[in-house]
Amino acid sequence: NCDNIRQTGGGEEGEIADVVIVMERSGSMSGSLSAAQTGANELIAALGPYDQVGLVSFSTEGTAGGTDDSTLDADLTTDHTSVQTEVNNLSAGGRTNMEAAVERAHEELTVGDTFSEYDESGNARSGARKIMVVLGDGEPNEGTNVTDPESNVDPTEEANNAKDDDIEIFTIAYGSGSPSGILGDMASDPADYPNIDQFAFSADVSDIVSVFQDIGGVVGGGEQLILGKGDGEHDD
């Protein structure tokens, strides 16, 4: 209707979603975490009242290479404001263990105990659309040995395991990250979802909020922002 908003979202009428936002909080995010937090809060604001959202963050502030490199900062809940508070409480430090975060988010999104190494809230709903939104600003440099050897820091296998459990994965390559690399490989294939144009995005400080809003429009099943060249490039 000429308002720069696409009227077709990814969700269907009456559909509910369980969404886990996976945010990097390593030291490399120290100068840009604030913009990422604003963007994540915009995504949360785009969700419907019956959609649940949770938050997982990751670095290596625990034991390097361990499962405690990621934390379930907010359980899946319809209390969106409480999750926004946890997003705002994140601080940057440490290295980058994306594997542990993807595994932990996978655990939170599935009904039952998928990985005994991680605790989950048990709030995942069997009839909900399951969505993971992963933000990273570069290549991972730590790994876990939960699903493959600790020496392998590539989280692609963990992402594929999640997709095998019907979890849709959106990825945002922030700053120096590239969606054509690991984050692009982790994202779901748009060919499998005819109502969604893409799952892998690139963003910088100037357009991170718009990218999160764009994903929020798809996830929430409502209107989706159409971003022009001046708002940042989106890559498949």
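D166 is exposed, because its relative accessible area is 58% and the cut-off for exposed is over 50%. Keep in mind that this is a predicted model. Where does D166 sit? D166 is in the loop between α4 and β6, and β6 covers residues 167–174. There is a backbone point here too. D166 has a phi near 65°. That is a positive value, and the residue is not a glycine.

Now the whole chain. How many helices and strands are there? The chain has 6 helices and 8 strands. Starting at the N terminus, the order is β-β-α-β-β-α-α-β-α-β-α-β-α-β. The chain has 236 residues, and 53% of them are buried. Next, contacts along the chain. Take the contacts between residues at least 6 apart in sequence. Of those, 75% join residues at least 24 apart.

On to the helices. Two packed helices are described by the angle between their axes and by the distance between the axes.

Pair one is α1 with α2. Helix α1 is residues 33–46, and helix α2 is residues 80–88. Their axes come within 9 Å and cross at roughly 170°. Parallel or antiparallel? The two are roughly antiparallel, because an angle over 145 degrees counts that way. On the α1 side, the contact is made by Q37, A40, N41, I44 and A45. On the α2 side, it is H80, V83, Q84, V87 and N88. By class, that contact has 5 nonpolar residues, 5 polar and no charged.

Pair two is α1 with α6. Helix α6 is residues 208–220. Here the axes are 8 Å apart, and the angle is about 20°. So α1 and α6 are roughly parallel. Their crossing is right-handed. From α1, the contact uses A35, A36, T38, G39, A40, E42, L43 and A46. From α6, it uses I208, V209, F212, Q213, I215, G216, G217 and G220. The classes for α1 with α6 are 9 nonpolar, 6 polar and 1 charged. Note A40: it is listed in the α1 contact with α2, and it is listed in the contact with α6.

Helix α4 is residues 156–164. The packing angle is about 10°, with the axes 9 Å apart. That makes this pair roughly parallel, because the angle is under 35 degrees. Left-handed or right-handed? The crossing of α3 and α4 is left-handed. E99, V102, E103 and H106 make the contact from α3. E158, A159, N161 and A162 make it from α4. The residues divide into 3 nonpolar, 2 polar and 3 charged.

First up is T110. T110 is in the loop between α3, residues 98–109, and β5, residues 129–136. Buried or exposed? T110 is buried, because 7% relative accessibility is under the 20% cut-off. Its side chain reaches the backbone oxygen of H106 at 2.9 Å. The backbone oxygen of E107 is 3.4 Å from a polar atom of the T110 side chain. Beyond four places in sequence, T110 touches A124, K130, D165 and I167.

Next, S59. S59 is in the loop between β3, residues 52–58, and β4. S59 has 0% relative accessibility, so S59 counts as buried. Which backbone oxygen does its side chain reach? The oxygen belongs to G93, at 3.2 Å. Setting aside neighbours within four places, S59 is in contact with R25, S26, D69, G93, G94, R95 and N97. S59 and S70 are 11 residues apart in sequence. C-alpha to C-alpha, the two are 6.4 Å apart.

Last, T71. T71 is in strand β4, residues 70–77. T71 is partly exposed, with a relative accessible area of 27%. The T71 side chain makes a polar contact with the side chain of D73, at 3.0 Å. Outside four places in sequence, T71 is in contact with R25, L55, V56, S57 and R104. R25 is also on the contact list of S59. One distance to finish. T71 and V22 are 49 residues apart along the chain, and their C-alpha atoms are separated by 9.7 Å.

Technical notes: Residues are numbered from 1 along each chain as its sequence is written. This is a predicted model: local features need pLDDT of at least 70, side-chain atom pairs count only at pLDDT 80 or more; totals for chains, interfaces and linings use all residues. Side-chain values use heavy atoms; hydrogens and water are left out. Helices (H or I, at least four residues) and strands (E, at least two) are DSSP runs, numbered from the N terminus. Buried means under 20% relative accessible area, exposed over 50%, partly exposed in between (1.4 Å probe, protein chains only). A polar contact is a pair of N or O atoms within 3.5 Å; within protein, one must be able to donate a hydrogen and the other to accept it, and residues adjacent in sequence count only if both atoms are side-chain atoms. Contact means heavy atoms within 4.5 Å. Axes are lines fitted to C-alpha atoms, for helices over the stretch in contact, and angles run from 0 to 180 degrees between N-to-C directions. Angles under 35 degrees count as roughly parallel, over 145 as roughly antiparallel, 65 to 115 as roughly perpendicular and the rest as oblique. Ala, Val, Leu, Ile, Met, Phe, Trp, Tyr, Cys and Pro count as nonpolar, Asp, Glu, Lys and Arg as charged, and the others, Gly among them, as polar. A crossing is left-handed if the near helix is turned anticlockwise from the far one by less than a right angle, and right-handed if clockwise.
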